[in-house]
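Work through these exercises with the model open beside you. Try each task before you read its solution.

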Amino acid sequence: MIELEGVPELIDPVMVAAFEGWNDAGDAASTAVAHLDREWKGEVFAALDAEDYYDFQVNRPTVFLENGVRKITWPTTRLSVVRVGGEKPRDLVLVRGIEPSMRWRSFCNEILGFAHELGVELVVVLGALLGDTPHTRPVPISGTTSDPDLARRMDLEETKYEGPTGIVGILQEACTHAGVPAVSLWAAVPHYVSQPPNPKATLALLNRLEDLIDVRIPLGELPEDARAWQVGVDQLAAEDSEVAEYVQTLEEARDTAELPEASGEAIAREFERYLRRRDGASGPPGPPGGHATAEGGDGGPSYRRDGPGRSRPSMPPRREADQDGDESSEE
């Protein structure tokens with residue numbers, strides 16, 4: 001039995017979730033939910049029992065001192081609630097944790113239990129993948145759902161992926177089977193600069209989330225952090241002619257593929273977002289190891305396998321090697 005005595009009645013609640021690990025390249029997704037929690041001063045109201053879902057030899061607890069007393073933080077998943085002010089206030093239930101090591105079905109059922117008790121109207125799960133995308137272009141964001149009606153209403157892709165999946169894919173399917181509308185938003189992180197943080201990918205996820213749930217998200221220092229990140233990667237890439245040539249190849253492929261959209265819907269969406277932010281600025285401020293990859297899934301950006309993050313960009317393996325035993329994995 002889930003008891004939520006400390007949580008007030010929520011207004012049009014949306015659950016937004018992200019999990020560290022396989023589905024969190026560059027920590028982009030988990031950082032996005034952490035940003036929402038920090039900007040809106042989220043209040044934690046529940047934490048899942050770490051003993052039920054985590055292998056502590058994989059995700060180890062940490063010891064810290066507080067006023068001279070040693071304490072332990074256990075790896076787990078926590079839920080908090082924030083209220084978004086404005087003309088149309090609504091509440092967000094934020095779920096942030098680590099991809100569980102075991103009992104995924106029970107894990108998802110427990111999350112769905114909270115969603116049911118809180119009257120959640122929509123679940124949005126954020127993820128990030130390593131991809132063949134240049135750091136110099138806008139971060140590709142794909143929105144997917146297993147619900148054909150939801151795909152039509154919200155202009156999303158109906159996922160047709162088949163293959164290995166992470167907790168993001170499992171939670172989305174669990175929501176669908178339980179009759180809870182669910183969407184996954186995926187950011188493509190350049191595989192040649194995969195180490196966290198990636199503020200540019202985090203910013204792109206928040207912008208897409210803003211459009212999806214129709215709220216204005218305070219971005220704080222994220223836009224400046226994203227610009228600084230790109231300048232830093234530009235400088236590192238310029239030091240190696242092979243990397244610079246490879247990035248140019250990615251740019252040409254991306255520009256060719258997106259030329260029709262760049263002249264239409266993409267520009268319109270960016271202009272609408274600019275107008276919303278300009279109008280919002282004049283009003284009262286609001287309240288304060290490896291990763292998943294995919295190869296050309298669901299008509300979205302093309303993703304590929306890559307190893308752990310590096311301290312600087314480096315050339316990917318030769319294409320011939322990529323084709324030997326390359327796995328396609330989910331969203």
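**Exercise 1.** At what angle do helix α3 and helix α5 pack, and how far apart are their axes?

*Solution.* This is a predicted model, where local features need pLDDT of at least 70, side-chain atom pairs count only at pLDDT 80 or more, and totals for chains, interfaces and linings use all residues. Residues are numbered from 1 along each chain as its sequence is written, and side-chain values use heavy atoms, with hydrogens and water left out.

Step 1. Find α3 at residues 104-118 and α5 at residues 167-177. Helices are DSSP runs (H or I, at least four residues) numbered from the N terminus, and strands are E runs of at least two.

Step 2. The angle is about 55 degrees, and the axes lie 10 Å apart. Axes are lines fitted to C-alpha atoms, for helices over the stretch in contact, and angles run from 0 to 180 degrees between N-to-C directions.

Step 3. That angle makes α3 oblique to α5. (Under 35 degrees counts as roughly parallel, over 145 as roughly antiparallel, 65 to 115 as roughly perpendicular, and the rest as oblique.)

Step 4. List the contact (heavy atoms within 4.5 Å). From α3 come W104, F107, C108, I111 and L112; from α5 come I167, I170, L171, A174 and C175.

Step 5. Sort them by class: 10 are nonpolar, none polar and none charged. (Ala, Val, Leu, Ile, Met, Phe, Trp, Tyr, Cys and Pro count as nonpolar, Asp, Glu, Lys and Arg as charged, and the others, Gly among them, as polar.)

**Exercise 2.** Describe the packing of α6 and α7.

*Solution.* Step 1. Helix α6 spans residues 199-213 and helix α7 spans residues 222-238.

Step 2. They pack at about 140 degrees, with axes 8 Å apart. The two helices are therefore oblique to each other.

Step 3. On the α6 side, the contact uses P199, K200, T202, L203 and L206. On the α7 side, L222, P223, D225, A226, W229 and Q230 take part.

Step 4. By class, this contact has 7 nonpolar, 2 polar and 2 charged residues.

**Exercise 3.** Where is T136 placed, and which residues is T136 in contact with beyond its neighbours within four places in sequence?

*Solution.* Step 1. T136 sits in the loop between β7 (122-131) and β8 (141-145).

Step 2. Leave aside neighbours within four places in sequence. T136 then touches K200, Q230, D234, V247 and E251.

Step 3. Check a distance. T136 and V233 are 97 residues apart along the chain, yet their C-alpha atoms are separated by 8.9 Å.
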